[in-house]
Amino acid sequence: MTDNLKPIDYSAVPSPSYVVDERLLVKNLEILDSVQQRTGAHILLAQKGFSMHALYPLVGQYLKGVTSSSLFEARLGYEKMGKETHVYAPAYVDAEFEEIMTYSDHIVFNSFSQWHRFKDRVQHADKQISCGIRINPEYSEIEVPLYDPCYNNSRMGTTLDNFHPDDLDGIDGLHFHTMCEQDSDTLERTLQVVEEKFGKYMHNMKWVNFGGGHHITREGYDLDTLCRCITHIKETYNVEVYLEPGEAIALNAGYLVATVLDTMKNGMDIAILDTSAECHMPDVLAMPYRPHIIGSGKAGEHPYTYRLGGLTCLAGDIIGDYSFPEPLQPGDRLVFTDMAIYSMVKNHMFNGVNLPSIVSYNDEEGIRVIREFKFEDFSGRLS
C-alpha cells in the first residue's frame, strides 16, 4: 500500500476478487496527464490492458480516449467513455467493418493491401475517419518473442521494403508499436530508427502514433526523455503525437484477493487457493512471471515455504513458490499485487471455475462490488 493512504480491508471483499484502488489509478492518470500538459500529446487507454469500463468515466477525465483492436473493444470504448476511439487490427473482418467505422475516429491499417480493401468504404463513410498505416521499423529491445511486435517474420506492421509511398493518398498518419514495459531511453533509440527509415514520409503526415509499451507510471521512469521525444517529433514533422499505453494506466493500482482452501505435502508444503493462474492470471504461465503477495517472500526467505496452486484440474496451474512468516491455514487471505492490468481482460472460465468478482475502492464510497459472476456467465458462452 502506498504511504499515507487508508488501508483497504481485504477481508471485506468477495474471494476471489480483483480490487482496483481508484486512488492509485488517479495517481497514474495524473502522471499521464502531466505528459499531455507538457507536450500536447494525446494519450489513449489501450483497452487490451485495462477494460474495467465502470471506471472509464474516471479515466476519461484525464485521457483523450481509447484504442481498440476489435469490433467489441471499439464499441466498448465508444459507448462507455465517449471520447476519441482509435482502432488497429492486423486484419479487419469484412462483415464487421461497417460497424467498426460507426465507432471510429482513427483506423490504422496493418498493410497497404488492407488499406486498398477498405479505402473506398472509409472515404465514403457518413463521418470523417482519419486513416493510418502501421509501420514495422524492424527494431525492438524486447527479450520475449511472444511480446515482440518486431520479431522475425512478424505479422505486425509494414516494413520499409513493403512500404508503398505511391499509395499514401488518404493516409493521415503512421503508427508503430515496438515496446513492452520499457523506459523512454528505448523509445529514443527506436525513434532514431523510425526517422531514418520513415522520416521522409512523416513530413506529409498529420499525426504519428508511438503505440504502447511505455511504462510511464513506473517508479523511476524518465519522463523528461519521453517529453523530449514527443516534442522532437511534433516540431520536426509538424504532426500530432499519440501514445496508447495500456499497462501504465492501471500499473500497480489493483490486487487479486484470494483465499487458502487447503494445505498438503508432497515433497514440500503446498497450498491450494480459490484462484487460478490458468484462469485468473494467465500471464503467470504465458510470460512467465511471479506476482508479489503482500507479506510474503521468495522461497526460503521466511520460515514457511509453500507452492501455491490453483483449483483447476490442470497439473501446471501453479502460481509459484512463496514463503511466509507463519504457516498458512485454510481461510487465510492472500493479496496478489499489480492485478488490475491484463488479468481482468484475459481471464476465462476453464473447468467452469468462476471468475473473480470486480471491486473498486475509494475513500468516499469505500468498497464497491461492481460485478459478481454466476453460472449463466459460464453457460451463456457455450452451447
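A residue counts as buried under 20% relative accessible area, exposed over 50%, and partly exposed in between, using a 1.4 Å probe and protein chains only.

Here are some friendly notes on the model. It is predicted, so local features need pLDDT of at least 70 and side-chain atom pairs count only at pLDDT 80 or more, while totals for chains, interfaces and linings use all residues. Residues are numbered from 1 along each chain as its sequence is written, and side-chain values use heavy atoms, with hydrogens and water left out.

1. Start with Glu181, which is partly exposed at a relative accessible area of 35%. Its phi is positive, about 55 degrees, although the residue is not a glycine. Glu181 sits in the loop between strand 7 (171-175) and helix 6 (184-202); helices (H or I, at least four residues) and strands (E, at least two) are DSSP runs numbered from the N terminus.

2. Asp338 also deserves a look: phi is near 55 degrees, a positive value in a residue other than glycine. You will find Asp338 in the loop between strand 15 (333-337) and helix 11 (343-346). For context, most residues other than glycine have a negative phi, and most peptide bonds are trans.

3. Ser15 and Pro16 are joined by a cis bond with omega about -5 degrees, and Pro16 belongs to the segment before strand 1 (17-21). The bond from Met287 to Pro288 is cis, with omega near -10 degrees; Pro288 is in the loop between helix 10 (283-286) and strand 12 (297-298).

4. Now the sheet. Eight strands form a closed barrel in the order 2-3-4-5-6-7-8-9, with parallel pairing; two strands pair if DSSP finds at least two bridges between them. Strand 3 (residues 65-68) and strand 4 (residues 84-88) run parallel and are joined by four bridges. Within strand 4, His86 stands opposite Thr67.

5. Finally, helix packing. The axes of helix 1 (residues 22-39) and helix 7 (residues 223-237) come within 10 Å and cross at roughly 40 degrees; axes are lines fitted to C-alpha atoms, for helices over the stretch in contact, and angles run from 0 to 180 degrees between N-to-C directions. Helix 1 is therefore oblique to helix 7 (under 35 degrees is roughly parallel, over 145 roughly antiparallel, 65 to 115 roughly perpendicular, and the rest oblique). On the helix 1 side, Ile31, Val35, Arg38 and Thr39 make contact with residues of helix 7, including Leu223 and Lys234, where contact means heavy atoms within 4.5 Å.
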